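Thank you all for coming.

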Amino acid sequence: MEHIRESLIKKSKKAKLEQIGKFVSFLCITLIVLVVVAIFYFVASKGLATFFDNGVHLKDFLFGKVWNPSSVDKQGKPLVGALPMIMGSLLVTFLSAIVATPFAIGAAIFMTEISPKLGTKILQPVIELLVGIPSVVYGFIGLSVVVPAVRNVFGGSGFGILSGTFVLFVMILPTVTSMTVDALKSVPRHYREASLALGATRWQTIYKVVLRAATPGIMTAVVFGMSRAFGEALAIQMVIGNAALMPHSLTSPAATLTSILTMGIGNTIMGTLENNVLWSLALILLTMSLLFNILIRWIGKKGEMK
Amino acid sequence: MAIITSKDLDLFYGEKQALNQINIEFYEKEITALIGPSGCGKSTFLRTLNRMNDLIPGVTINGEVQFNGQDIYGSSMDVVMLRKQMGMVFQQPNPFPFSIYDNVTYGLRLQQQTYTKEELDQIVEESLKAAAVWDDVKDKLNKSALSLSGGQQQRVCIARVLAVKPDVILLDEPTSALDPVSSGKIEEMLYDLKEDYTMIMVTHNMPQASRISDRTAFFLNGDLIEYAPTKEIFLNPKKIETENYITGKFG
Ligand SMILES: Nc1ncnc2c1ncn2[C@@H]1O[C@H](COP(=O)(O)OP(=O)(O)O)[C@@H](O)[C@H]1O
Ligand SMILES: [Mg+2]
């Protein structure tokens, strides 16, 4: 009797615990959702103030080529053209992704298909280490190694899109590589077996089956790398030159959304146009990262359907 | 005429011996069934024939396997050529996540030789017809092969093998993952293919073995216990182990 009663009490204890657990996790989720919504609301309300309160035209903001928020042009309109930074951000993002992708695929093939032992023993820890290095370190190395090198080879100051691309390439490579490794690893073994059994060589199998089956995963990895590159601020700010000019060459000083944002946000007064327009830049960043996220999900879904 | 001969074949996974002095001959344009309880080495043996065991680290093989008089473990053997001549169908249908058309033409696109679109179309049609799945898929050749049912997938996998025109087809329990109807269709189809191909098939399905195979080999614990024409094995087995297995006393 006592035994049964005891077990009954125990069970209800567990059930209680489960309820508490559910409640706590619900609370946490609510908090996270609230924070996210608050951030969006805050950035959006500030960022949109540029257009609603200060009367800047969206077209002048997105396509204007001159950035000097504290002055006005001949017609008295504020000079808040964000195109130089939008271009700068897009250029470093796409260029670094384009350079990083083949390296990442090559390294991932080596680690999964050619020498998994060496891959898991040496390359895996190295990559994990690289992911963990703070971005200021990358920026500092970029500043003291990459910028002088670019200066020596191409002339000019050395600051610009090229140096930025190089630093971002090194920064996103580990992430893209490890995600590509996951994508290749998730290609079922039986696809490889079927291919080899049909008389394919190892390279044909990698090229025609493994890479093809892993394409959605690899694309996700690349987009993920791009979204990191797009949002990176500190390292890029140290090497790009921070001149809000249309980038007319890869080695002339330029700027990204993030670099202008971090440089300017402490030097402007809340509520002024100079400050609001920085929030508009932040809104672009937020929108872009949302787009990258949607893209990643969309690719994932498309991959699943097959 | 024996097309494949294995002589004193041993296979070890690391220290563990999985095949024990296997001596067996397979004959052209026949279906040979390999039967025996799970884990007795049937798949292992089948995979020594197209050297798929090469892919598993730590495998040691002693003895000899001759295919058309050539030692397949000899140094002059071209594994890629060997696998082209010995197609393999696996237990789980394993089409690539590509279109049905791309699945069937995969083996052809590996070769040096290039095919015209018309030639490819024709081979696809012939192969899918021979695999008895043409009527099911002819209107959706560009759909993903993964959208088909298990039985259809397995027949597409067989068509994929037929497209490269192998001499021998190795089948490892090709119907065990399928429902009885699909299983029956594949069985019939294999029987028709016997005119053109030599087939070696692992099966757990005794009625299936007795219906379609010409010879049957009974494996137990890595040993080949008995090998004889199928009728003899099923009606008049010489060894008590064979009889016990066939009558369902163990296994
Ligand atoms: N990759 C492997 N590594 C180690 N042992 C294996 C491997 N594959 C099979 N074996 C062992 O070899 C024996 C034969 O297996 P298998 O050929 O798959 O049997 P069957 O196909 O007759 O069921 C089993 O004992 C199994 O555990
Ligand atoms: Mg097996």
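Predicted model: local features only at pLDDT ≥ 70, side-chain atom pairs only at ≥ 80, totals over all residues.

Let me begin in chain B, where the side chains of Lys238(B) and Glu232(B) meet in a salt bridge at 3.6 Å, N to O, a salt bridge being a side-chain nitrogen of Lys or Arg within 4 Å of a carboxyl oxygen of Asp or Glu. Lys238(B) is exposed at a relative accessible area of 63%, while Glu232(B), at 36%, counts as partly exposed; here buried means under 20% relative accessible area, exposed over 50%, and partly exposed in between, with a 1.4 Å probe and protein chains only.

Residues are numbered from 1 along each chain as its sequence is written, chains are lettered from A and ligands numbered from 1 in the order in which they are written, and side-chain values use heavy atoms, with hydrogens and water left out.

Over all chains, a search of the whole structure finds 15 salt bridges, and 2 salt bridges are counted between chain A and chain B. Which residues are linked in a network of salt bridges? They are Arg189(A), Glu193(A) and Arg47(B). Within chain A, Glu193(A) pairs with Arg189(A), the closest N and O atoms being 2.9 Å apart, and both of these residues lie in helix H7, 4 residues apart, about one turn of the helix; helices (H or I, at least four residues) and strands (E, at least two) are DSSP runs, numbered from the N terminus. Glu193(A) counts as buried at 11% relative accessibility, whereas Arg189(A) is exposed at 53%. The other pair joins Arg47(B) and Glu193(A) at 3.2 Å, N to O, and Arg47(B) too counts as buried, at 11%.

That brings me to the interface itself, where 19 residues of chain A are in contact with 24 residues of chain B, contact meaning heavy atoms within 4.5 Å. The area buried between the two chains is about 2000 Å², of which carbon and sulfur atoms give 64%; buried area is the accessible area (1.4 Å probe) that two parts lose on being put together, summed over both. In chain A, the residues that lose the most area to chain B are Ala197(A), Leu198(A) and Arg212(A), together 32% of what that side buries.

Next comes ligand 1, with residues around it that include Lys16(B), Lys42(B), Ser43(B) and Thr44(B), each having a heavy atom within 4 Å of the ligand. A backbone N or O atom of Gly39(B) lies 2.7 Å from an oxygen atom of ligand 1, and one of Gly41(B) lies 3.1 Å from an oxygen atom of the ligand.

How values were computed
Polar contact = N/O pair within 3.5 Å; in protein donor to acceptor, adjacent residues only side chain to side chain.
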